[in-house]
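Subject: Structure handover

Hello,

Here is the structure I promised to pass on. Please open it alongside this note; my findings follow below.

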Amino acid sequence: RLAWQTSADQDGDPVVYNVSWRQASQATAILFTTANTSLQMTGLSFGTSYYWSVQAQDPYGAVTAMAGGTQVYSPMFENMPPSAVPKA
C-alpha cells in the first residue's frame, strides 16, 4: 500500500491525486487517479524496484508534485544469517 499526506488546495477546491507508477525496466508509467490518500498495489514482482510519484490536482488543472520527487519501492526480504553451529 502506498500512502501520502492530504493536500489542501489554496482556494478550497477538491483535490484528486495522480499516482504515476512504473517498474524499473519500463520507460512508460501507469497512471492512477484517485481521491484517496492511499493506493493498494498488486502483482508486484519479488526483487524488482518500482518508481512512483504523486501529484495533487484541482478541477481547474492546477498541479502540485509531492515533496521529495520520485520515490522507490523494492519488495525484498532480508533474511538473517544462520546461527553458528556449536562445536561438539
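In which sense do strand 2 and strand 3 pair, and over how many bridges? They pair in the antiparallel sense, over five bridges. Strand 3 covers residues 30-34.

First, the ground rules. This is a predicted model, in which local features need pLDDT of at least 70, side-chain atom pairs count only at pLDDT 80 or more, and totals for chains, interfaces and linings use all residues. Residues are numbered from 1 along each chain as its sequence is written, and side-chain values use heavy atoms, with hydrogens and water left out.

Strands are DSSP runs (E, at least two residues), numbered from the N terminus. Two strands pair if DSSP finds at least two bridges between them.

Now the strands. A hairpin of six residues links strand 2 to strand 3. Val 19 has Phe 32 in strand 3 as its bridge partner. Strand 2 (residues 16-23) also runs antiparallel to strand 5 (residues 50-57), with eight bridges between them. There, Gln 23 is partnered by Tyr 50 of strand 5.

Next, the rings. Rings of Phe, Tyr and Trp (its six-membered ring) pair if their centres lie within 6.5 Å; planes under 30 degrees apart count as stacked, over 60 as edge-to-face and the rest as tilted. That gives two aromatic pairs. One of them is stacked, because the rings of Trp 21 and Tyr 50 have centres 5.2 Å apart and planes at 5 degrees. Trp 21 sits in strand 2 and Tyr 50 in strand 5, so the pair ties together parts 29 residues apart in sequence.

Buried or exposed? Buried means under 20% relative accessible area, exposed over 50%, partly exposed in between (1.4 Å probe, protein chains only). Trp 21 counts as buried at 6% relative accessibility, and Tyr 50 counts as buried at 4%.

Best wishes

Technical notes: Helix = DSSP H or I, 4+ residues; strand = E, 2+ residues; numbered from the N terminus.
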